[in-house]
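Good morning. I will take a few minutes to walk through one chain, from the overall counts down to single residues. Please keep the structure open while I talk.

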Amino acid sequence: SFIYLHYLILPKMKVIDLVKTDYIKIDRSSAVSELIGEFQKTNQRAALVFDNKRFIGITSKNLLLKSRADITKLKVDKLLIKVPILSGDEEIKEAARLLFTSNSSLLPVIKNKTLKGTVSSLSVVNELKNKPKLAAKKIEEVMTKGTITIDEEQSIGEAMRIMRYNKISRLPVIDKKGNILNIISVSDVLELYTMRLGSSEK
């Protein structure tokens, strides 16, 4: 895993140095349609879920896609996962380890019962982009072998099934000759779905 590689070479910085305050905060009783609206307004891929003022978990665009239920009738608390809580005093490599083991792209930073912000896997990756040890690595050393693809003539439903089954968020689209034409992502499918949903409700 790319995040795990980062864990091995991260400098001794504190989590508090990477805290961001631009996050989505939503109550567990909110309708999923409200969550979709928040995702559409921002570039965020995940949101913090609260029960009144108590943090209870994370929800994300990926969880929306993976849900087999009619999301127009769901509440947010049906689409969340429990994740570790950071205090901000941990070293960044510990945050990287927790992001990796919790399979989450976002972790909350809460100290003295006060939400300070969030730390994302993207923040950890950006911290490493100019590190000599990582720059010296060849792509083949860290890439995923045996890439999963989808044919350009297959349906979006099949793309969703493949991503869900393989627990991936992006899928290269190829032509009959095996050339990569584009990459479809969970976000692409979710955006298409929500646009159609919005059109049907008008």
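This is a predicted model: local features need pLDDT of at least 70, side-chain atom pairs count only at pLDDT 80 or more; totals for chains, interfaces and linings use all residues.

Residues are numbered from 1 along each chain as its sequence is written, and side-chain values use heavy atoms, with hydrogens and water left out.

The chain has nine helices and eight strands. These are DSSP runs numbered from the N terminus: helices are H or I with at least four residues, strands are E with at least two. Of the 202 residues, 38% count as buried. Buried means under 20% relative accessible area, with a 1.4 Å probe and protein chains only.

Now the cores. A nonpolar core is a set of buried Ala, Val, Leu, Ile, Met, Phe, Trp, Tyr and Cys residues joined through side-chain atoms within 4.5 Å. The largest has 21 residues, and those touching the most other members are Leu-48, Phe-55, Ile-58, Leu-86, Val-119 and Val-124. Strands S2 (46-51), S3 (54-60), S4 (106-111) and S5 (114-120) each supply at least two residues of this core, as does helix H4. H4 gives the most, with five residues. A second, separate core has 14 residues, among them Ile-24, Ile-26, Ile-56 and Leu-79.

Next, the helices. Which residues of H4 (residues 92-102) are buried? They are Ile-92, Ala-95, Ala-96, Leu-98, Leu-99 and Ser-102. Seen down the axis of H4, these buried residues fall within an arc of 165 degrees, so they line one face of the helix. The arc is that of the directions from the helix axis to the C-beta atoms. Just after H4, Asn-103 takes a positive phi of about 55 degrees.

In helix H2 (residues 32-41), Val-32, Leu-35, Ile-36 and Phe-39 are buried. Down the axis of H2, the arc holding its buried residues is within 100 degrees, so they too line one face of the helix.

Last, one residue. Val-49 lies in strand S2 and counts as buried because its relative accessibility is 0%. Leaving aside neighbours within four places in sequence, its contacts (heavy atoms within 4.5 Å) include Ile-26, Phe-55, Ile-58, Thr-59 and Leu-80. Val-49 and Thr-59 are 10 residues apart along the chain, and their C-alpha atoms are separated by 6.8 Å.

That is where I will stop.

Terms used
Buried means under 20% relative accessible area, exposed over 50%, partly exposed in between (1.4 Å probe, protein chains only).
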